[in-house]
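Please read these notes with the structure open beside you. They go through the chain one topic at a time.

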Amino acid sequence: MSISTKIQTAIENSSWIRRMFEEGAALIAQYGRENVFDFSLGNPSNEPPEAFYRELHKLVDHPVAGMHRYMHNAGYEETRAAVAKTLTAKSGQLVEAKHVLMTCGAGGGLNVALKTILNPGEEVVILAPYFVEYKFYADNHGGITREVWTNRKTFQPDVEAIESAITEKTRALIINSPNNPTGAVYPAEILKKLGQMLERKQSELGRTIYVISDEPYARLVYDNLQIPSVFDFIRNSVIITSHSKDLALPGERIGYLAASPALDDVTLFMNGAIFCNRVLGFVNAPALMQRLVTSLQDESIDIGEYQQKRDLLYSHLDGLGFKMVKPGGGFYLFPQSPIADDLAFVRQAQKHKLLLVPGSGFGAPGFFRIAYCVEMETIHRSLPAWERLAIDVGLKC
Ligand code: PLP
């Protein structure tokens, strides 16, 4: 075998995801993109906001000398300061530029954080249903993931279950709100309870347990819900986010990591993270994007549009008898699979030209994910297909 055994196994274990993707691609080739309803990918169909193009034009018309050169591995000082100002306003904690590291998206930031903190064999608690890359990211840096289910009715973290999973080897807990795949938004009370439990466990075990708060959907919240800042409730917390979703820039790989100013040995942590950003080969986050997002910290794509999409699809599926939690944010729905085998259900959906992802892909068999970051028109045109699928699986007579 010419490639690493571990990677070969990882590819084989995810081969059904590839197969579903290939089957979807075959459907698109056969029937045309407009006749297949692809709800499988979290790749926003919308374009970045006007303000992004305005800043881009400004920069193209008035280039800054040296703007394409290497820089400090942490990123431009003014970009870090702009991020810090926004986080201070949101949390009430004094976040400074020195607490911020610009990263290659949230994925890059998560890898930097995990490499910075993990010793071989240390454990990372993840909450099912979870973004599957967490497992690979922890493994990249010698970590072992321990899965803990959220509350199956609400998808909120179960603090008691998390506490039971903490051992003398636990180094981190990854949380994600608004959540992919469930759309759950964690309220202040849960964060507070989590923070209190972690303080107790950390003094009991005599070690730091980091909460890595993965927040790429933080600006995508509905019904005037407020996202509480993790910095206000959890001392050893690190925020990781990106502009992949809120500014619709996933291909540009721009995000950041921010450490709570109250974090244990915060300067040491940041020095470690900056070093890891370098030696992971990212070196620094993309220069052009850093300059652009400096003045876009209060911008976002049209949330109202996403809310309309959520409402339309949620009420249609609810009317057809699908059981699901109404998401408070993000752009995913995570209904129960009407037949026990979620892979079989997703295959059945393909027959109606609906492309979905089985819950098994998120450590949650028995559910399926719908990514509604597609054109409104696609959702409208898909409604009859959902109806046919519901009848087909016995939901509707
Ligand atoms: N975390 C979650 C929960 C995600 O859904 C995604 C992307 O879909 C990421 C992290 C990675 O985002 P990025 O594109 O910024 O690397």
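This is a predicted model: local features need pLDDT of at least 70, side-chain atom pairs count only at pLDDT 80 or more; totals for chains, interfaces and linings use all residues.

The points below cover domains, strands, ring pairs and backbone details.

1. The domain assignment of the chain gives two parts: domain 1 is made of 5-48 + 301-392, and domain 2 covers 67-294. Taken over C-alpha atoms, the centres of domain 1 and domain 2 are 27 Å apart. Where the two meet, 29 residues of domain 1 are in contact with 31 residues of domain 2.

2. Strand E5. Is strand E5 enclosed or open to the outside? Seven of the seven residues of E5 (residues 170-176) are buried, so the strand is largely enclosed by the rest of the structure. Buried here stands for under 20% relative accessible area.

3. The neighbours of E5. Strand E3 (residues 123-128) pairs with E5 in the parallel sense, over four bridges. Valine 125 has leucine 173 in E5 as its bridge partner. Strand E6 (residues 210-214) also runs parallel to E5, and five bridges join the two. Here isoleucine 174 has isoleucine 212 in E6 as its bridge partner.

4. From E5 to E6. Which helix belongs to the β-α-β unit with E5 and E6? It is helix H8 (residues 188-205), and the unit made by E5, H8 and E6 is right-handed.

5. Two cis peptide bonds. The loop between E5 and H8 contains proline 178 and proline 181. The peptide bond from serine 177 to proline 178 is cis, with omega near -10°. Asparagine 180 and proline 181 are also joined by a cis peptide bond, with omega about 20°. For background, most residues other than glycine have a negative phi, and most peptide bonds are trans.

6. Two positive phi values. Aspartate 223 is not a glycine, yet its phi is positive, about 55°. Aspartate 223 is placed in the loop between E6 and strand E7 (237-242). Its relative accessibility is 46%, so aspartate 223 counts as partly exposed. Valine 283 likewise has a positive phi, near 70°. The location of valine 283 is the loop between helix H9 (266-279) and helix H10 (287-294). With a relative accessible area of 27%, valine 283 is partly exposed.

7. Aromatic pairs: an edge-to-face example. Phenylalanine 155 and phenylalanine 334 form an edge-to-face pair, with 5.8 Å centre to centre and 65° between the planes. This pair too links distant parts of the chain, 179 residues apart. Phenylalanine 155 is in the loop between strand E4 (144-149) and helix H7 (159-165), and phenylalanine 334 is in the loop between strand E9 (332-333) and helix H12 (342-351). Phenylalanine 155 has a relative accessible area of 3%, so it is buried. Phenylalanine 334, at 2% relative accessibility, also counts as buried.

8. A ring cluster and two charges. Ring pairs link Phe39, Phe322, Phe345, Phe368 and Trp386 into a cluster. Elsewhere, charged side chains sit over rings. The charged end of arginine 291 is over the ring of tyrosine 76, 4.2 Å from its centre. The charged end of lysine 353 is over the ring of tyrosine 31, 4.2 Å from its centre.

9. Two bridges join E9 to strand E12 (residues 368-371), and the two strands run antiparallel. Tyrosine 332 has alanine 371 in E12 as its bridge partner.

How values were computed
Residues are numbered from 1 along each chain as its sequence is written. Side-chain values use heavy atoms; hydrogens and water are left out. Buried means under 20% relative accessible area, exposed over 50%, partly exposed in between (1.4 Å probe, protein chains only). Two strands pair if DSSP finds at least two bridges between them. A crossover is right-handed if, with the strands pointing away from the viewer, the path from the first strand over the helix to the second runs clockwise. Rings of Phe, Tyr and Trp (its six-membered ring) pair if their centres lie within 6.5 Å; planes under 30 degrees apart count as stacked, over 60 as edge-to-face and the rest as tilted. A charge sits over a ring if NZ of Lys or CZ of Arg is within 6 Å of the ring centre and within 35 degrees of the ring normal. Domain bounds come from an automatic or database domain assignment. Contact means heavy atoms within 4.5 Å.
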